[in-house]
Each structure stands twice: as C-alpha cells, then as structure tokens.
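Colleague: I would like to learn how to read a model feature by feature. Please give the general idea each time, and then the case at hand.

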Amino acid sequence: MTTKSHRRAWSVRARMLAGFLALLTFSLGTAGISIYLLQLTDLQQRIDESLTRATGQLSTSLESGIDPGSGQPFTSIDDVLYRAMQTVMPAPNEGLLATTNGQLRWTAPSTVPLRIEEDPDLVAYVTSAKTDGNATITTLTTAQRTYRIVVIPMSLTSDPTPGLIAVAYDYTKEVADLNQSFIPALWVGLATLVTSIALGWVVVGRLLQPLRQLRHTAAQITEDDLSTRIPVTGNDDLAELTRTVNSMLDRVETAISSQRQLLDDVGHELRTPVTIVQGHLELLETTDPQEVHTTRELVLDELDRMTGLINDIVLLAKAQRTDFLTPSEVDIDDLMHEVTHKAQPLGAREWVTSATTGVVQSVDRQKITQALLQLADNAVKYSPDNTRIILGASATSTHISLWVQDEGFGIAPEDHKAVFDRFHRGDNASRADGSGLGLSIVQAIATAHGGTVNLSSQPGKGTTVTITLPLTHIAMTSTESETP
C-alpha cells in the first residue's frame, strides 16, 4: 500500500504541477521581495528627506538672529530653541525635543503623537551627543523601537550655553505600516497559487490524457491481442508521441505475427525430414550393406535439405537487423552482366542481359546478387529447356528496376500474392525442389533496401519478377547491350 500511494503521490502529473508551482512561487516571491525592498529603500529615503527638511528649517530660524515673536535679537539659547521648535511641523510618526547643557529643556507640543522624550535611551543618547557643529542623520535602536534621528547643534553668540534639537522618526512604526500594506498583496499571491493549483491540475491532466491512454492501451495489449491502438488527437508533441507508439505497435504486431508464422511453418517443414530420417533409421537393417548405403544417401539428402532450410530461415531472421546490409557503390549494368554470367550454369537456357541504366547505385552487392540468382533459379525451375531468360535493368528519375523474365509455365492469378509467403508452393511446385523461401528472401532483401518486389505472370506465358529500388544517384557509365 505504501509503494502504491507513493507512486500516485509522485505521478508525472503531480511532478509537473509541483514544478510549475515551484516556478510560479519563485517568480511571485522574487517579484514580491524585490518590490518590498524597493519600498523599504524608498521609505528610508522619504524619512531622511523629512529629517533633512527639518534640519534646514531649524538652521534658517537662526540666520537672522531676530526673535520673530518680539522682533528683538535673541538674548538666550532657550529662546532660540523655543522659537526653533515652533517652526517645525512634525510629520506622522515624527517627534522632537531640545536640550541645553546636557539637560532636557523643551519637548514637542502635546498634539504630536510621538513622544520621544518618554524613551530614556533616546534621551540619554541626545543629552550625551557630541557634535562637531554639523547635523548627522543616523539610526538609533533602543529598548522601545528603532529611530532614524538627526541631532542639530544650536548656538548663539551672546549665550555660550550649548543647545541641541533632536528630530526622530519612528522607523519601527513606518516599517510596520509598510508590512501591513503588503498583507493584501500576500493574500492575492496565495489566492493566485491556489487558483493556479486548480487550473494547473486540470490543464496538466488534459495534456497528459494521451499518456494515460497510452498506459491503458499498453495494459490491454496481450500476446494474443496486439490490435489495440491509441486514439490520436491534436498535432502537438504528445500527438506525435502517440503516432510513434502506434507505429511501434504496428511493427511489434507484424514482427510477432511473422515470428508465429515462421515458427509454425518451420515446425511443419522440419517435421517432415526429421520424421523421414527417424523412420528410416529405426527400420534400418544394419546387416544389409545395400540398405545401409541407401539409407545413408537418403539421410544425407534430407539433412542437406534441412541445412538449406535453416540457412534460409537464418537469412530471413537477419533481414530485420540494422546491420543486414553492407552497401557500396555498384555499377548496376555491370552487376547485371555479372549475375547473368553466374546464372548460366543453373540450366540450359538462352541467357540475355538487357541493362541500359547508366546508374551507380548504393546497394549491398552480395545481397542483390543473391536475390537475382534466386529469381534466375526459379526461372530455370519453372521454364522448359532452351527457352529465353532475360535479366534486365532500367531506371527512371526516382527508381531503378531489376527484373528476371522467363518463358515458362507461369503462375495462376490466385497465387500471385501467396507466392511471397514463406513455404508457399503453387500449382507447379511438383516441378522443382526447394524450401519455399526463395521469394520471401528476395522480398526481404528488397525491403531492406527500401524497395519492393512485383510479379507479373500468366499461365503458359511466362513470369516476370521485378525488384524496384529508390534511386540514389546516376553516373553515365553504361550503354545498351545484350549478352547471350
């Protein structure tokens, strides 16, 4: 149960959705963090600009040296600090205070919410501050909160008492407000993720539907039924995968069907010679030399036939392999003359070559020769002595044709397709010996070259078997000739 649940939890659908959500979460998180950091930087700049403006206002209040309330020159630092603090309009979350001689002297009006004088750590920092005459903005963290603070030295020529004004921004409250403003964005992000999960589950499920059909179809396929195929929908990569799998199933079905047929045919064809050999050996009278000699000849003949049959079967089995062919550049016209010469000992016939292709073709010379000699051997077996057998070749812009034509007994129309079946024998089978695999071998060789085999025959008018191969390239090499 644990293994099955684990497989379900981490199916392709779940992994794709998890990857998509991880990417979406990363994107949303990166965007959110970037916006937050930009807002935080903007917040600090805004606070520092406010403190800078306050510093400018306080400095301006001393430039004239005249008390705006009385119209008289300032006489004490207390008056300066009092009037200066009145010129500052604190922003929200901003407070201020003034000290003289290291002691708290003035605080902001009661209408200012931020009472920085109630923070002893801040007061201690301001009263003990040492300045060089310049105002400096800095960050101060106390037990209560964090501030952005500026301490502004104030002085009067007629009063040497040192004075300071501190303007502080509640940085902690500002950041909290910023964080609060991001809560709706956080909920929007979470809603987006939840919606993406639901939509993604549906979309990924539809995208993976062909894969589920593939799994279902594969589960239905058995050794006895290979006919099931997957429905193809759309024109995307999964549709192309479905077509590829269906094509693979076609090949598997063809291969298994051929294998079954081959095993059935081989079992049938080998059973006869084995039975013959076994029967004669069981009945052999070993004391009769003549019978021993006769039986020996019969057994050797049957074993030779079995050897030929096995060799043909092995050749057909190898035809399915990718290394079945060893192609090379072959002059087709020269090849036809060579095959005609090799075929002449097969029988007393009028052998003729008709080859005017001018083609140099990439083929397996040995396999093509074997196929043509097999056709020539069939022509000899099924034609009378001294009749004509023509080995010919011709070419078009796309194909070349190699044929063997005889003037023999011909093949009945109903046998035209069946003659290419393994171990098939037609009405003229009694005229010749053989394994019944000859034309199957020819067809296998042609198919391996990407070609086809066609038969044209009428009873009593001879037979023509043509191997058609796709053309690779042409060289002007051959001239028309006939060789008896």
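Colleague: In which loop is Asn 93 found?

Modeller: Asn 93 is found in the loop between H3 and strand E1 (94-100). Helices (H or I, at least four residues) and strands (E, at least two) are DSSP runs, numbered from the N terminus. Before going further, note that this is a predicted model, in which local features need pLDDT of at least 70 and side-chain atom pairs count only at pLDDT 80 or more, while totals for chains, interfaces and linings use all residues. Residues are numbered from 1 along each chain as its sequence is written, and side-chain values use heavy atoms, with hydrogens and water left out.

Colleague: What is the phi of Asn 93?

Modeller: The general idea is that most residues other than glycine have a negative phi. Asn 93 is not a glycine, yet its phi is positive, about 65°. Asn 386 also has a positive phi, near 65°, and lies in the loop between H10 and strand E9 (388-395).

Colleague: Is Asn 386 buried or exposed?

Modeller: Buried means under 20% relative accessible area, exposed over 50%, and partly exposed in between (1.4 Å probe, protein chains only). Asn 386 has a relative accessible area of 62%, so it is exposed.

Colleague: How many helices and strands does the protein have, and what share of its residues is buried?

Modeller: There are 11 helices and 12 strands. Of the 484 residues, 38% are buried.

Colleague: What share of the contacts joins residues at least 24 apart?

Modeller: A contact means heavy atoms within 4.5 Å. Counting contacts between residues at least 6 apart in sequence, 65% join residues at least 24 apart.

Colleague: Which residues make the nonpolar surface patch?

Modeller: Patches are made of residues with over 30% relative accessible area and no salt bridge; like charges are joined within 9 Å, and nonpolar side chains (Val, Leu, Ile, Met, Phe, Trp, Tyr) within 5 Å. A salt bridge is a side-chain nitrogen of Lys or Arg within 4 Å of a carboxyl oxygen of Asp or Glu. Here Ile 183, Leu 186, Trp 187 and Leu 190 make a nonpolar patch of about 420 Å². Leu 186 is in helix H5 (residues 171-207) and counts as exposed because its relative accessibility is 54%.

Colleague: How many aromatic pairs are there?

Modeller: A pair of aromatic rings is described by the distance of the centres and the angle of the planes. Rings of Phe, Tyr and Trp (its six-membered ring) pair if their centres lie within 6.5 Å; planes under 30 degrees apart count as stacked, over 60 as edge-to-face and the rest as tilted. The count comes to 2 aromatic pairs. One of them is Tyr 36 with Phe 182, edge-to-face, at 5.3 Å centre to centre and 80° between the planes. Tyr 36 lies in helix H2 (residues 12-60) and Phe 182 in helix H5, so this pair ties together parts that are 146 residues apart in sequence. Tyr 82 and Trp 106 form a tilted pair, with 5.1 Å between centres and 55° between planes. Tyr 82 belongs to helix H3 (residues 77-87) and Trp 106 to strand E2 (residues 103-107), 24 residues apart.

Colleague: How many salt bridges does a search of the whole structure find?

Modeller: The search finds 14 salt bridges. In one of them, Asp 48 and Arg 148 have their closest N and O atoms 2.9 Å apart. Asp 48 is in helix H2 and Arg 148 in strand E4 (residues 146-156), 100 residues apart, and both are buried. Lys 367 also forms a salt bridge with Asp 364, at 3.8 Å between the closest N and O atoms; Asp 364 and Lys 367 are buried.

Colleague: How far apart in helix H10 are Lys 381 and Asp 377?

Modeller: Lys 381 and Asp 377 are 4 residues apart in helix H10 (residues 365-381), so about one helical turn separates them. Their side chains meet in a salt bridge of 3.1 Å, N to O. Elsewhere, salt bridges that share partners join Glu 338, Lys 342 and Arg 365 into one network.

Technical notes. Areas by Shrake-Rupley, 256 points an atom, 1.4 Å probe, with all protein chains shown as cover.
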